[in-house]
Amino acid sequence: LRSLASSVRLRIFPANEVLAEPLSYMRANDFSQVIALCDEKHRVLSTEGIAHWLEAKSKEDIISLSEARLSDALNFEPTDSCAYLKVTDTVDRAREVFANDIGKRICSALVTENGRAKEKPINIVTPWDFVAGKLR
């Protein structure tokens, strides 16, 4: 997975970032998730996590998007939505992670040197990469 080319430079958002910034980045790049750094671990915030956050906030009847932080929505992200892969893992291993995701909702896998959440991601793999033919 080391040689997997990314068409866009990975951007990692700190958990205290105003939520509008990662949302704009997602829209501009047609992404359904962004990478967040929270408590020294890299995680993914997906459109699903954002939808859960909005749904919870809608019950309060007031949502201040200008004050919302990425961490606010990240608290609603399913804990098993992200997997971690090593750069030495094969495409078959990446495929296996998504194929064996029964009962989970893995939306992406972060590729790091040793497959650990505390390491800076080198790339991100999504199920779409297989459909689009980026991974074979």
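User: What makes Arg 27 and Ala 28 the residues of the face of α1 turned away from its buried side?

Analyst: This is a predicted model. In it, Arg 27 and Ala 28 are exposed and sit on the face of α1 turned away from the buried side. Exposed means over 50% relative accessible area.

User: Which residues of α1 are buried?

Analyst: Pro 22, Tyr 25 and Met 26, in a helix that spans residues 20-29. Seen down the axis of α1, the buried residues fall within an arc of 100°, so they line one face.

User: What covers the buried residues of α1?

Analyst: The cover includes strands β1 (12-14), β2 (33-38) and β3 (41-46). It also includes helices α2 (47-58) and α3 (70-74).

User: How do you know that α1 packs on the sheet?

Analyst: α1 touches β1, β2 and β3. Contact means heavy atoms within 4.5 Å. The direction of α1 makes about 150° with that of β2.

User: What is the order of the strands in that open sheet, and what is the pairing?

Analyst: The order is β1-β2-β3, and the pairing is mixed. β1 and β3 are the edge strands, since each pairs on one side only. From one strand to the next, the twist averages 40°.

User: What makes the pairing mixed?

Analyst: Take the two pairs in turn. β1 and β2 are parallel, over 3 bridges. β2 and β3 are antiparallel, over 6 bridges. Two strands pair if there are at least two bridges between them, so a count of at least two is what each pair needs. The sheet is therefore called mixed.

User: Which residues stand opposite each other in this sheet?

Analyst: Phe 13 stands opposite Ala 36 in β2. Ala 36 also stands opposite Arg 43 in β3. Pro 14 has Leu 37 of β2 as its bridge partner.

User: How many residues of β2 are buried?

Analyst: 5 of its 6, which makes β2 mostly covered. The cut-off for buried is under 20% relative accessible area.

User: Which elements make the right-handed β-α-β unit?

Analyst: β1, α1 and β2 make it.

User: Where is phi positive around these elements?

Analyst: Asp 30, which follows α1, has a positive phi near 55°. Asp 39 takes a positive phi near 55° too. Asp 39 belongs to the hairpin of β2 and β3, with 2 residues between the strands.

User: Why is the contact of Glu 21 and Arg 11 called a salt bridge?

Analyst: Their side chains meet at 3.1 Å, N to O. The limit is 4 Å, so the pair qualifies. The pair links distant parts of the chain: Glu 21 is in helix α1, and Arg 11 is in the segment before β1, 10 residues apart.

User: Are Glu 21 and Arg 11 buried, exposed or partly exposed?

Analyst: Glu 21 has a relative accessible area of 33% and is partly exposed. Arg 11, at 28%, is partly exposed. The class lies between under 20% and over 50%.

User: How many salt bridges does the structure hold?

Analyst: The structure holds 4. Among them is Asp 92 with Arg 95, at 2.8 Å, N to O. Another is Arg 93 with Glu 96, at 3.1 Å, N to O.

User: Where do Asp 92 and Arg 95 lie?

Analyst: Both lie in helix α4, 3 residues apart, about one turn of the helix. Arg 93 and Glu 96 are likewise 3 residues apart in α4, about one helical turn. An α-helix has 3.6 residues a turn, so residues three or four places apart point the same way.

User: Which strands does α4 touch?

Analyst: β4, β5 and β6 form an open sheet in the order β4-β5-β6, with mixed pairing. β4 (82-86) and β6 (123-125) are at the edges, each with a single partner strand, so one side of each is left without a neighbour in the sheet. Neighbouring strands are turned by 30° against each other on average, direction ignored. Helix α4 (residues 91-99) packs on this sheet and touches β4, β5 and β6. Its direction makes about 160° with that of β4.

User: How do you know that β4 and β5 pair?

Analyst: 5 bridges join β4 to β5 (residues 108-112), and the two run parallel. At least two bridges are needed, so the strands count as paired. Leu 85 has Val 111 in β5 as its bridge partner.

Note on methods: Residues are numbered from 1 along each chain as its sequence is written. This is a predicted model: local features need pLDDT of at least 70, side-chain atom pairs count only at pLDDT 80 or more; totals for chains, interfaces and linings use all residues. Side-chain values use heavy atoms; hydrogens and water are left out. Helices (H or I, at least four residues) and strands (E, at least two) are DSSP runs, numbered from the N terminus. Axes are lines fitted to C-alpha atoms, for helices over the stretch in contact, and angles run from 0 to 180 degrees between N-to-C directions. Buried means under 20% relative accessible area, exposed over 50%, partly exposed in between (1.4 Å probe, protein chains only). The arc is that of the directions from the helix axis to the C-beta atoms. A crossover is right-handed if, with the strands pointing away from the viewer, the path from the first strand over the helix to the second runs clockwise.
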